[in-house]
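Hi everyone, and thanks for coming.

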Amino acid sequence: MTVAQILWRPLRVIAGLPFPWLRNAITLVIGNPIISREMKVRMRFARSFWLQGAYLLFLIAIVLIAYQGILVYSPIRHPAELQNRLQAFYYTLLYSLVTVIVLIAPALTASAISFERERRTLDLLLTTPLRPMQILVGKLLASFAFLMLLLIESMPIVTVCIVMGGATVGDLLATYVLIGFSTLHLCAFAIYCSACNRSSGLATFWAYLGVIAGLSATFWMALAEVVFATPPGLIVVQGNVAHRVAFPLASLQPFSAPVIKAMPTKLFGVEIPCWLIGVAFSLMLTRFWLTAAAARLPAVYSGNFVGSLRRQGLMLTVLAALTIDALLTALTPLMTRDGLTLFLLVFTGFICSFIALFVPWIATFGEHEGKKPINDGWFRPMRMFQPVASGALPFIWAWFSVLVATVIGLGVWRANVQPFWDKLAFGFGYCLLCLTFFWAISRLWSSVIRQLSLARWISFGTLLLIAILPGISKWSLAYPFFQMVDGASVTVALESFIAQVQIHGLVVLGLTMALVLVCFVLERRAARKGRSKE
């Protein structure tokens, strides 16, 4: 084999990687019989036309009320006042439209899989040559197409703002793109709820609850763009006014679409349209929820959907951490070495709290739907992307380490200041120890109960009790961080943090070792009983 052949082979493999992925993505949409079937069934019933009629009547009523209240109620004395009123009229219409779309979106897709279960046709659907992802994508796109139909029907009403001078065509198109894609991942979450529940009513309830939680998670970003900047995203650069978005993930919030529009954000020194980031993240979140829904479907256990979920979750959180580059660009140049260390420690604690919410679902194991518990050991890093007990702790550690390294790297790069690495090491080690403690709690309940769903919920309830009952007292695991924030000066706050971490770390280490010892004894007894029965 020549040198040219050796160099050409890996290049050919790398160049050919996008084509199978693109081919699979196209086959999920083109020629998918589920899409045409679902759309025909949906438009066959009269309730679809009644829904469209009620939707348009609501928008017409909003237009009449807003027109009377904003433009006709009081006389206009100045052209600038007219422009302000036209923009207020534009925002009133769009926010009303977003409210209706957000309320309708979960209901359209929450019964997609559960309704098949109720009619007892899901098993027949799964026996077809279609892959589970084709079924889920077909269900999702059929519901999303009806949602886009409602958006298109509202265009003649909203274009009144263009005629009257309250907005431009580009603003309106960018707003519609953001609204459409920011509701796509909400529909995908509703599909996941439908796959997890056997009744449509329960699936709809969990879908609306999850949508409220998801919108609340990004609401503060949208609020910051609307309230704390006038106009939104105002940045003064060398005397010039530039409109930029400080929180790119606000594009996932449908209610921020009328404000963000086509405004750019600056990532790594490059200006990128914020709607483009919103589209990319929405598609990735949609894929994540569809993969989670595929894992909940029966008769598809041969695929490693759990491993794919972990990889996608890791990639999503890392990309989400990278989007704070615009915020760090404005904050970190003003920071000293102490201030940067304090900022990174607080962010490390936030990352630990975020990952702790998922530990009960990652670390637990047990009997599930007739399958025996999979307990293949304690710590095997090569199995972190597999649905086994031995890969739980390595994945938790890897997830936390990658996120912290990403944030610290961004902070040091933007501030151009070296933090106190010893203090960061103390904070990192303490948070890692807390996550290990949470893993040990979940492992303990799995060893005692040996039933997956019950062990998960009891572990989650235990973590809530640990977080709520101590509050911000000295018994709280987060007390070192609270004391650091309340410090009189940054230097004193860092020193008190290190002192408290040493005390709390020893306590958490002792509790973790005790829990691990109890788990080891319980699992040895269970193994002996299993061998004696055999």
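**A first tour of the model**

The areas come from the Shrake-Rupley method with a 1.4 Å probe, and for residues only the protein chains shown count as cover.

A word on the source: this is a predicted model, where local features need pLDDT of at least 70 and side-chain atom pairs count only at pLDDT 80 or more, while totals for chains, interfaces and linings use all residues. Residues are numbered from 1 along each chain as its sequence is written, and side-chain values use heavy atoms, with hydrogens and water left out.

F205 sits in helix α12, residues 200-227; helices (H or I, at least four residues) and strands (E, at least two) are DSSP runs, numbered from the N terminus. F205 is partly exposed, at 48% relative accessible area. In that wording, buried means under 20%, exposed over 50%, and partly exposed in between, with a 1.4 Å probe and protein chains only.

Now the whole chain. It has 23 helices and 4 strands, and 46% of its 534 residues are buried. Its accessible surface comes to about 27,400 Å², with 71% of that belonging to carbon and sulfur atoms. Among contacts (heavy atoms within 4.5 Å) with a separation of 6 or more, 75% are between residues 24 or more positions apart.

On to charges. How many salt bridges does the count come to? It comes to 1, where the rule asks for a side-chain nitrogen of Lys or Arg within 4 Å of a carboxyl oxygen of Asp or Glu. The side chains of E495 and K423 meet in a salt bridge, at 3.7 Å from N to O. E495 belongs to helix α23 (residues 490-533) and K423 to helix α20 (residues 421-449), so the pair ties together parts 72 residues apart in sequence. E495 is partly exposed at 45% relative accessibility, whereas K423 is buried at 11%.

K423 has another neighbour to show you: it lies over the face of F420, 4.7 Å from the ring centre. That label needs NZ of Lys or CZ of Arg within 6 Å of the ring centre and within 35 degrees of the ring normal.

Ring pairs link F354, F358, F385, F395 and W399 into a cluster. Rings of Phe, Tyr and Trp (its six-membered ring) pair if their centres lie within 6.5 Å; planes under 30 degrees apart are stacked, over 60 edge-to-face, and the rest tilted.

The structure holds 19 aromatic pairs. One of them joins F189 and W289: the centres are 4.8 Å apart and the planes at 75°, so this pair is edge-to-face. F189 is in helix α11 (residues 169-196) and W289 in helix α14 (residues 274-296), so parts 100 residues apart in sequence are tied together. F189 is buried, with a relative accessible area of 15%.

That's my tour, thank you!
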